[in-house]
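Here's a quick briefing on how the parts of this protein meet. Have a look at the model first, then read on.

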Amino acid sequence: MGQPLSDPAERLWKFVRGDTPTVEFEQWVYDTPTLEQLFGPDMYLELISLDYRDPMETVRLPDRLRSWLDEHVPRDCECITWQDKEKNPEGYETANLGADFTILKSRTPWLDLIQCLHCGSHWYLATDTVDADYYLLRLTEEQVAAILDRDEWPKQFDDLEHVWPPPGWFAHDDCRDLDDWQEKHGRPEE
Ligand SMILES: [Zn+2]
């Protein structure tokens, strides 16, 4: 809301991945006549004449748009396709997490602020080594600034059991406690 429509592809992906409600997407389609240029007359007509109240008509729309995007707007990374809140089993889509992202700051050995090396998006990553899951939360500029400047992290993963070192764990890493660990490991070497 109130955001510049600088990148229609970003808006389309947001809907395709399930982060924009259908009514909001419908309104954006009606409010954005420049989409006719982007899509061409046939696809544009299809979009503005769709009955967005009819689930039978809208059910295939995300797949249809995804195919269109894949064909017409080349993307550099997978992360634009991920939901704002995503849980991925390790080894699935995020298998290359290490190669495609850089760690900007760590809260615990298993909670990191990361940035996509391709599109620049910021994510809050929780690595559950016990259940072998990745949890990802897409971050806003404000959230990133709060983490970097004031060490204020979103509460999203506060209750995840396996991403907080148990007491006693730190001794193995030559640290006294979490504060000490963050001091030593929280930020990668410049
Ligand atoms: Zn990306």
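The rule finds 1 salt bridge across the interface of domain 1 and domain 2, a salt bridge being a side-chain nitrogen of Lys or Arg within 4 Å of a carboxyl oxygen of Asp or Glu. It joins the side chains of R17 and D84, at 3.2 Å from N to O. Keep in mind that this is a predicted model, where local features need pLDDT of at least 70, side-chain atom pairs count only at pLDDT 80 or more, and totals for chains, interfaces and linings use all residues. Residues are numbered from 1 along each chain as its sequence is written, and side-chain values use heavy atoms, with hydrogens and water left out.

**Polar side of the interface**
- Between domain 1 and domain 2 there are 6 residue pairs in polar contact, both at pLDDT 80 or more (N or O atoms within 3.5 Å; within protein, one must be able to donate a hydrogen and the other to accept it, and residues adjacent in sequence count only if both atoms are side-chain atoms).

**Layout**
- Domain 1 covers 8-72 and domain 2 covers 79-185, with bounds from an automatic or database domain assignment.
- Taken over C-alpha atoms, the domain 1 and domain 2 centres are 32 Å apart.
- Each domain brings 6 residues to the contact (heavy atoms within 4.5 Å).

**Buried area**
- About 590 Å² is buried between domain 1 and domain 2, 47% of it on carbon and sulfur atoms (accessible area, 1.4 Å probe, that two parts lose on being put together, summed over both).
- W13, R17 and D19 supply 76% of what domain 1 buries against domain 2, more than any other three residues.
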